[in-house]
Amino acid sequence: MKKIKILFILLSFGFISCDNYLDLGPNPNQLLADQATPDQYLSAAQTLSYANQASNMERLGLLFSNACGGNVQSYASPFNDEFSLNITNLFYSNVWENLYLRTGVYQKIIDYNDTDLSYQEFKAIAKIGKVFNMHYIVDLYGDAPYTEAFKGINNITPKYDDDFEIYKKLFIELDEARTLIDDINSGTYPKSVGKSVTYDFIYSGNINSWKVFANTIELRMLLRMSNSTGAAATYRDQRLADMVANGHNSFITSDVTVQPGYSKTRNDAINPLVFNFGFDLNANPTNYNVYAASGHIAKCMNTYANINYASPADQEIVAGSNVFYPNLGDPRRFSIFKSIASSYRGVTQGSVFVDVYKPGGVSTGQPSKFSGYFFNAYNQTGVGSATPLTSTGNTLAGVNGYLMTASESHFLQAEAAHIGSVKPAFALLGLNAQNEFNAGVNASMSFYSAVPGTYLATINATKPNFGYNPANTFNQNYNAILYQKWIAILPSNAVESYIDNTRTGFPLNPMPLNSSYAKRPNRLIYPSSEYIANSANVPNVTLSDLFSVSAKTPFWQQ
C-alpha cells in the first residue's frame with residue numbers, strides 16, 4: 001500500500017492534468033511535482049501506462065477481436081459505434097491522448113539532468129517503457145509526432161514524422177536501453193542505490209529482466225513488419241540478424257506484471273482492469289453487466305452439440321472460408337466467461353438478442369459474462385475458486401496487472417519460427433514453431449487455471465486452423481498460432497489480436513451483423529484534439545482511408 005500512496009501523491013500534483021501530448025508530465029506550477037526525480041516519475045509512468053492498456057485499449061481489443069458482444073438483455077444497442085464501425089475523430093480518442101501522456105512521463109526520466117549518473121538504471125527502464133507505448137501509436141495511427149513531441153510549451157505544434165522513421169528510432173531507443181544495462185552491469189555506471197527495487201513496479205529493479213523484455217518487444221515490432229517489402233524489409237532483416245549477433249534473441253518466459261499496491265481501499269486504487277470491466281470497491285458492478293460473450297467466441301470454445309446452430313452452414317467461421325468452428329470443448333471456456341446452465345450464452349456482434357445458446361435454451365435471460373479467472377489469472381496463487389466476490393467487498397481489487405504474458409511471448413516466437421520458411425531472416429532466431437506453440441497453449445492453460453487434459457494433443461492431431469502440425473498448410477498453422485494467442489491474451493492485451501488481424505488476416509474473425517465493411521479498419525482517426533491544437537501538421541484522414549491501403553495506412557501494412 002505504501003507504493004500506491006507514493007503514486008497518488010504524485011498524481012495529485014498534476015500527472016493527469018494535461019489535455020494532450022503538448023504538456024506532458026507534472027504541472028510545473030506545482031512545487032512537489034516539479035522537483036520529482038526519476039524514481040517518482042517511474043512509479044507514475046508504469047502504473048498510468050498499464051491503466052491505459054487495461055481500459056481503452058483493452059475495450060477496443062475485446063470488441064474488434066470479436067471476443068465480446070454487448071449485453072442486449074440489459075442495454076439497448078451497446079457498442080453500436082464499434083459494431084457499425086462509426087469511426088470519427090472522437091472514436092477512442094483517449095487511446096492516442098493517454099499514450100502520449102504516459103509516454104511523456106517516461107520522457108521526463110530520459111531527459112532528467114543526471115549529473116552524478118545515479119539514475120542511468122531508470123533511464124534504461126524509461127526508454128523501454130517509452131517504446132512499449134509509442135509503437136502502439138504507429139500501429140494504430142501511422143504517422144505521428146515524435147522528434148518534436150514531448151517538449152511542452154517549447155513546441156506546442158510538433159510536426160508529424162513518417163511512421164517507418166519512428167519505428168527505426170524506437171529500435172534505437174531499445175539499443176540504447178540495452179547498452180545502458182550492459183554498462184551498469186560492467187560498472188561503467190553505478191546502480192541507482194537500490195532505488196529501482198522500490199520504485200520499479202514491474203521488475204523491482206532487475207535490469208537484466210528488463211533487457212529480456214526489451215528483446216521481446218523488439219520481436220513483436222519486427223513481426224509487425226513481417227509482410228513489409230523494400231527498404232522496410234531490408235531494415236527488418238538486418239535487425240533480426242543483429243538480434244542474433246548481439247545476443248538479443250532471448251525472450252521472456254514468465255509474465256510481465258505491474259503491481260503498485262492495488263487494493264480495495266478506494267476505487268482509484270483498484271486494478272484498472274477489474275474496475276473498468278468489473279466492480280467497484282464494494283463489489284458493485286461498474287461495467288461488468290455491459291460485456292457479454294460474443295456468439296463467435298461461444299462457438300469457438302464449445303462443441304456443436306452445445307450450440308444452437310440454425311444449419312451446418314453456420315458452423316463456418318467466415319462464409320466462403322471453408323474453415324469451420326473446432327467442435328471442441330475448450331478447457332478455458334469457463335475461466336473466461338461464466339457458465340450458465342453448463343454452456344455459454346453468447347450475443348453475436350450486432351444482434352439485438354441473445355442468439356447463441358445451448359439447444360433447447362431461450363433467447364431471454366442474461367448472457368454469459370466474465371468469470372473470476374478473467375480478472376484473477378492464476379487466482380494469484382495458481383489454485384482456488386474463481387468466485388470473484390464476497391461479502392467483504394471486491395476481492396479482485398488487488399490482483400496483478402499484466403503487461404505481457406509468457407503465452408504471448410511463446411506465440412510471438414512460434415509465429416517467427418513459422419514464417420521463417422518464407423521470410424528466412426526470422427529463421428536466424430533458431431526457434432521451433434511446434435515447441436513454442438505447445439508452450440504457448442500450456443502457458444495459457446496455466447494462466448486460466450484450466451485443466452488441459454487431451455486438448456493440445458487433440459487440436460494438433462485433428463484440428464487444422466486451431467492446432468499446429470507440420471502436415472497442415474501454412475495458413476492453417478498461421479491461423480492456429482494467432483487463434484491460440486487470441487484466446488491466451490484476452491484479459492491482458494486484447495488489442496494485440498485486433499492488430500494481428502489487420503496485418504495478417506488471422507485469426508479468422510467474422511464481422512458484426514449488417515456491417516457495411518468486409519473488414520475492420522486498418523487504423524484509427526487522429527483525435528479531435530489534434531485537429532484543433534495542431535491543425536497545420538495533422539494529416540487529414542477520412543473514413544475511406546481507414547478501409548483501404550494507402551500512404552496513410554501504418555507502414556507495415558503497405
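**Nonpolar core, enclosed helix and aromatic pairs**

Phenylalanine 213 is in contact (heavy atoms within 4.5 Å) with Ile128, Phe132, Tyr203, Ile252, Val256 and Met404, residues up to four places away in sequence being left out. The model is predicted, with local features requiring pLDDT of at least 70 and side-chain atom pairs pLDDT 80 or more, whereas totals for chains, interfaces and linings use all residues. Residues are numbered from 1 along each chain as its sequence is written, and side-chain values use heavy atoms, without hydrogens and water.

Phe213, Ile297, Phe370, Phe375 and Phe437 have the most contacts inside the largest nonpolar core, which has 156 residues. Such a core is a set of buried Ala, Val, Leu, Ile, Met, Phe, Trp, Tyr and Cys residues joined through side-chain atoms within 4.5 Å; buried denotes under 20% relative accessible area (1.4 Å probe, protein chains only). Helix α6 (residues 120-141) gives the most to this core, with 13 residues; helices are DSSP runs of H or I, at least four residues, numbered from the N terminus.

Helix α21 (residues 495-504) is largely enclosed by the rest of the structure, because ten of its ten residues are buried. Its cover includes α3 (38-64), α6, α9 (207-224), α15 (406-419), α19 (474-488) and α20 (490-493).

The structure holds 47 aromatic pairs, defined for rings of Phe, Tyr and Trp (its six-membered ring) by centres within 6.5 Å. The rings of tyrosine 50 and tyrosine 262 have centres 6.3 Å apart and planes at 50 degrees, so the pair is tilted (neither stacked, under 30 degrees, nor edge-to-face, over 60). Both tyrosine 50 and tyrosine 262 are buried.

Methods:
Buried means under 20% relative accessible area, exposed over 50%, partly exposed in between (1.4 Å probe, protein chains only). Helices (H or I, at least four residues) and strands (E, at least two) are DSSP runs, numbered from the N terminus.
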